[in-house]
Every structure is written in C-alpha cells, then in structure tokens.
Amino acid sequence: MSVSRFACATLAVLAFSPLWSNAAPTDAIVRFEIASLRNAQGDVGCLIFNSSDGYPETHAKAYKEIHAAIDGDHAVCEFKAVTPGTYAVIVFHDENKNGKMDKNFLGVPQEGYVASNNVRPLMSAPKFKEASFVVPAASVTAIKLQIRY
C-alpha cells in the first residue's frame, strides 16, 4: 500500500472512530415515555437534574431540558449523551407553551405533571431523593410515566 493510500485509510478509520464523537463512550440515553395527557395542546417539558439543587423547578439548574411534541395522549422525551450518575426528572404538560408550569395564587400546579418514579406528592413538590434513579454507563434507560392533573 502506498503512503497516500495508507494515509487515506487511516483518516477514514479515525473519522468513524468514537474519538471524534461528541459523546463519551460511557454516555447513555434516557428516554421518558409520558402517557395520559388530557389533550394535544402545547407540548411536554422535561427537565432532568443531576442534583437536588434547583429540583424540580429551577430550569437554569437542570442538567438538560427538552420539550417534546404530543402525539394523541402521549409524548416522548429523549435525552442523549447523558453522563452516568444519579438523576431525577420533572415532566409537565405545557398546554399554553409558555415554557413553565403554570400555578394558581396558592402555588398549586394548573397543568399536569409527574416526576420520575411516578412520584407526585399531594401536598408538596417532589423531592430529588424520592424521584431519583441511576443511569448506568453506555445504556439506554426507558422510563414510563403517567402524567396527572
């Protein structure tokens, strides 16, 4: 093999190598399958946190945030390139697409929501510890959630 052919072959191998990928080889995918949406208005907001700091409401402290389209009465939020560790998620039906969970003057949510582990306390916001789950390295974690209003 000539030097130029060897160089081309080496570059081709490196181009498809994980070394050139944005995701580390240990990163995971976490997919939330949300059911029981009462209508298809708006979208579904999903915030995943890697600590209790800011959980469940401070968008700026979330590890990642995405909004997903609604299909019938369900939606899917998929987080890619998630570093292995302990996380908790909060999911809300953003019916008016204002980017936040609407509440009444007493602070009671007016839009449907649920936390990971299907946690939804009656008299308080969900706690990180009760909603937490572990994301293993190089895995796909699928979690089913039932939103309630």
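The legends below describe close-up views of a predicted model.

Local features are given where pLDDT is at least 70, side-chain atom pairs count only at pLDDT 80 or more, and totals for chains, interfaces and linings use all residues. Residues are numbered from 1 along each chain as its sequence is written, and side-chain values use heavy atoms, with hydrogens and water left out.

**View 1. Overall secondary structure of the protein chain.** The chain holds two helices and nine strands, arranged along the sequence as α-β-β-β-β-β-β-β-α-β-β. Helices (H or I, at least four residues) and strands (E, at least two) are DSSP runs, numbered from the N terminus. Of the 149 residues in the protein chain, 36% are buried. Buried stands for under 20% relative accessible area, exposed for over 50%, and partly exposed for values in between (1.4 Å probe, protein chains only).

**View 2. The open sheet β4-β5-β1-β9.** Four strands make up this open sheet, and their pairing is mixed. Its edge strands, β4 (70–71) and β9 (140–146), each pair on one side only. Two strands are taken as paired if DSSP finds at least two bridges between them. Strands β1 and β5 run antiparallel and are joined by six bridges. Within this pair, Glu33 stands opposite Val76 in β5.

**View 3. The β4–β5 hairpin.** β4 pairs with β5 (residues 74–82) in the antiparallel sense, over two bridges. Ile70 has Ala75 in β5 as its bridge partner. The two strands form a hairpin with two residues between them, and Gly72 in the turn has a positive phi of about 70°.

**View 4. Ala24 and Val82.** Ala24 is placed in the loop between α1 (3–15) and β1 (28–35). This residue counts as partly exposed because its relative accessibility is 35%. Although Ala24 and Val82 are 58 residues apart along the chain, their C-alpha atoms are separated by 9.2 Å.

View 5. The bond from Tyr55 to Pro56 is cis, with omega near 5°. Pro56 is placed in the loop between β2 (43–49) and β3 (64–68). Most residues other than glycine have a negative phi, and most peptide bonds are trans.

View 6. Phi of Lys97, a residue other than glycine, is positive, near 50°. Lys97 is found in the loop between β6 and β7, and is exposed, with a relative accessible area of 55%. Ala138 is not a glycine but has a positive phi of about 45°. Ala138 lies in the loop between β8 (133–135) and β9 and is exposed, with a relative accessible area of 56%.

**View 7. A nonpolar surface patch in which Val108 takes part.** Phe105, Leu106 and Val108 make a nonpolar surface patch of about 390 Å². Patches are made of residues with over 30% relative accessible area and no salt bridge; like charges are joined within 9 Å, and nonpolar side chains (Val, Leu, Ile, Met, Phe, Trp, Tyr) within 5 Å. Accessible areas come from the Shrake-Rupley method with a 1.4 Å probe, and for residues only the protein chains shown count as cover. Val108 is in the loop between β6 (85–94) and β7 (113–115), and counts as partly exposed because its relative accessibility is 41%.

**View 8. Glu111, a buried acidic side chain.** Glu111 is found in the loop between β6 and β7. Glu111 is buried yet has no salt bridge, and the nearest side chain of opposite charge, Arg38, is 7.0 Å away. A salt bridge is a side-chain nitrogen of Lys or Arg within 4 Å of a carboxyl oxygen of Asp or Glu. For charge, Lys and Arg count as positive and Asp and Glu as negative, while His and the chain ends are not counted. The Glu111 side chain reaches two backbone nitrogens, that of Glu95 at 3.0 Å and that of Asp102 at 3.0 Å. Such polar contacts are pairs of N or O atoms within 3.5 Å; within protein, one must be able to donate a hydrogen and the other to accept it, and residues adjacent in sequence count only if both atoms are side-chain atoms.

**View 9. Arg120, a buried basic side chain.** Arg120 is placed in the loop between β7 and α2 (128–131). Arg120 is buried and has no salt bridge; Glu95, the nearest side chain of opposite charge, is 10 Å away. The Arg120 side chain reaches the backbone oxygen of Tyr113 at 3.0 Å and the backbone oxygen of Arg148 at 3.4 Å.
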